Amino acid sequence: MALQNFDPQWFLDQVWQREALLLKAALPNYECPLDGNDLAGLACEDDVDSRIIIEKDGGWELRNGPFKEEDFGSLPASNWTLLVQSVDHYLPELADLLAHFRFIPRWRTEDVMVSYACDGGNVGPHYDQYDVFLVQGSGRRRWKVGGHCSAQTPLASQAGLRLLQDFSVEQEYLLEAGDVLYVPPGVAHWGIAEGDDCITLSVGFRAPSEAALLSDYSDDIASFLDESLRYQDPQLDANAHPAEISAGVREHVKSLMLRHINDDDHLARWFGEMMTRIPDQESMIDDSLNPEEFLLELAEGAVLQLRLGARLAFDEQYLFADGLAFPYPPEQRDDVKSLCEIESGITIDTAHRLSPDMIYALFCNGTLCFYDDTQD
């Protein structure tokens, strides 16, 4: 699927991670797959991350879910917003929306956050640490876009919200259904609903900090090292000062570190696993069937689908699925590639051409599940 009147390569070359851009009518005749009642229902679920933000008296109030039905009845008539995270993990129809943004690597996709706002509803001026496409699902929202921010940009203390202390408008856009606004990391923005029933779908992309990358990789390396491997001295000088850490010692330690870090195969496997990892992976594991029982289910007509919110990637050696690496033989590369082109929630036949062992492993990992037609 392609966005209307949009050149993906031009966008990547000229705009991506550089500046904000309005894509007017990028999704013509767009029909939002959910309404405010749907979103409120999700926000009442225990395992769903949701927030309500109310602007009042020149400030903002933050309320965290899960909510109860009566919580919505007590809200003011205007100036509030409901936000629900990872709605694509619960709503199959959002797979169609994500398909429009596959010119960005799939393993960079974080989730789709959905916000519902009544007239004047907003979350205040802020900036994000990641790229986001703000898709207007219904109603209208006016976006004010400012300049680039950094860690030194002053923030205002607002009830747990990271809001900007000062905000200067450089661009202003009024978005209607089907319009898309791209905002790169660090760019200040502030969206205010104009009228009721304003729904915005935020397609966000994961961007771990360099500190997180280094920490996670070093932890992964350490998990494979034998405790018997210990620091050993380089050639020592008996006449050296006993308290001095010499340049030679530092070089020795540096070479020790680089010996473990400079492993391309290890780096490739770790990075694929990290970028497809999901927070609640353990809850997705399904070991209820042994291999024979699983294959019998398929033989009797059971249909598989890609779990909502599943994360997939691949390289020359591995299929990465929800934080795990599955090795595959070269002759299955096309099937692995095809599997990674399927959107979450879609029934599949490609997996049946993969090895039975891999299909079963993906099922146990929670990446594949049996199709449930009661969800339609």
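Start by selecting Ser86, which sits in the loop between strand 4 and helix 4 (94–99); helices (H or I, at least four residues) and strands (E, at least two) are DSSP runs, numbered from the N terminus. The model you have open is predicted, so local features need pLDDT of at least 70, side-chain atom pairs count only at pLDDT 80 or more, and totals for chains, interfaces and linings use all residues. Residues are numbered from 1 along each chain as its sequence is written, and side-chain values use heavy atoms, with hydrogens and water left out.

Look at the backbone of Ser86: its phi is near 55°, a positive value in a residue other than glycine. Is Ser86 buried or exposed? Ser86 counts as buried because its relative accessibility is 16% (buried means under 20% relative accessible area, exposed over 50%, partly exposed in between, with a 1.4 Å probe and protein chains only).

Next, select Asp197, in the loop between strand 12 and strand 13. Phi of Asp197 is also near 55°, positive in a residue other than glycine. At 45% relative accessibility, Asp197 counts as partly exposed.

Now go to Gly65 and Pro66, where the peptide bond is cis, with omega near 10°. Pro66 lies in the loop between strand 3 (59–64) and helix 3 (69–73).
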